[in-house]
Amino acid sequence: IDLSVTWLGQTMPGCLYNASGVWCREEDELEALHASAAAAVITKSATLKPRDGNPEPRYCRTPLGSINSMGLPNRGFDYYLDYARRYRYGSGKPLFLSLSGLSLDDNCAMLRRLAEEGLPAVPEVNLSCPNVPGKPQLGYDFAATAEALEAFDAAYSGLYGVKLPPYFDPAHFAAMAEILNRHPRLAFVTCINSIGNGLVVDIDSEAVVIKPKDGLGGLGGDYVLPTALANVREFFRLLPGKDVVGCGGVKSGREAFMHILAGARAVQVGTCLYHEGPGAFSRIAGELAMLMRVKGYRSLDAFRGRLRTL
Ligand SMILES: CC(C)(C)CCc1c(C(=O)O)[nH]c(=O)[nH]c1=O
């Protein structure tokens with residue numbers, strides 16, 4: 001059973017890695033991911049300067065997944081760039097740097113700095129990054145997204161990707177695809193980020209469960225699987241020549257299989273990794289391999305994007 005994935009001009013040994021934000025803020029976490037069965041590593045979204053993030057509690061696990069309003073706590077771009085300078089690319093496990101600047105200028109400054117270094121690390125720009133206060137997140141502001149991608153192309157001459165928020169309307173899928181397809185070096189999109197601004201209520205305390213934003217936070221886990229699969233499948237269809245990375249609701253080989261069937265080139269694990277730790281990757285990979293064996297598939301190419309309609 002071959003779980004390897006060839007994309008971005010390289011072959012990684014498997015198809016599973018972490019979702020940005022989970023188990024990846026500190027160097028020891030990143031090293032634990034690299035030492036695990038994860039096939040790649042992505043860093044916590046970086047801002048130009050370090051950030052403490054929001055007051056706690058800012059993450060909460062629920063029976064169906066998670067809610068978070070972390071507020072972009074991270075060590076700052078230089079910390080992750082330094083890690084990228086020392087990373088062992090020879091392992092065959094790609095390193096992705098997630099960027100979530102607080103402004104378009106910050107994102108472009110980080111992209112330019114990364115380009116100057118000439119490192120193999122690949123940027124994944126987080127389009128859920130904050131926009132002008134009072135306006136929706138960048139990924140929900142199509143004009144701002146179009147402008148940003150033009151600036152990213154000017155700032156960075158290599159291949160890059162974007163992390164997309166979930167979309168829920170066919171017109172939005174079409175509008176985003178039309179913009180994304182203007183950018184040949186935009187090599188991949190990662191679908192999806194958490195479903196924004198959910199509210200989890202604790203009926204015993206009759207209170208919200210996280211402190212920031214009066215309890216509003218991004219949802220992950222079982223809550224988001226159908227939306228994640230829809231975004232993967234729609235962008236797989238709408239972005240010919242680009243790769244789609246699946247993210248959302250993966251907790252076993254079953255959901256990983258679904259994402260790949262929907263078109264995912266590779267698959268990220270978030271909420272499940274937060275609670276199980278890096279051992280999740282060998283478990284999920286084993287379950288995926290077993291599923292493929294039972295179904296008679298010897299590689300991911302044998303079923304990627306082959307989701308049947310009725
Ligand atoms: C939500 C933002 C703080 C604007 C970006 C960082 C981020 C966070 C976070 O740091 O709160 N959580 C998520 O689930 N997704 C994200 O992209």
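Why is strand E9 (residues 160-164) largely enclosed by the rest of the structure?

## A strand on the inside

5 of the 5 residues of E9 are buried, so the strand is largely enclosed by the rest of the structure. Buried here means under 20% relative accessible area, using a 1.4 Å probe and protein chains only. Strands are DSSP runs of E with at least two residues, helices are runs of H or I with at least four, and both are numbered from the N terminus.

In a regular strand the side chains alternate between the two faces of the sheet. In E9, Tyr160, Val162 and Leu164 point one way, while Gly161 and Lys163 point the other.

## Where this comes from

This is a predicted model: local features need pLDDT of at least 70, side-chain atom pairs count only at pLDDT 80 or more, and totals for chains, interfaces and linings use all residues. Residues are numbered from 1 along each chain as its sequence is written, and side-chain values use heavy atoms, leaving out hydrogens and water.

## E9 and its partners

Strand E8 (residues 122-126) pairs with E9 in the parallel sense over 3 bridges; pairing takes at least two DSSP bridges. Glu124 has Gly161 in E9 as its bridge partner. From E8, the chain goes through helix H4 (residues 142-155) to E9 in a right-handed β-α-β crossover. Right-handed means the path over the helix runs clockwise from the first strand to the second, with the strands pointing away from the viewer.

Strand E10 (residues 186-191) also pairs with E9 in the parallel sense, over 5 bridges, and Leu164 stands opposite Cys191 in E10.

Methods:
Buried means under 20% relative accessible area, exposed over 50%, partly exposed in between (1.4 Å probe, protein chains only).
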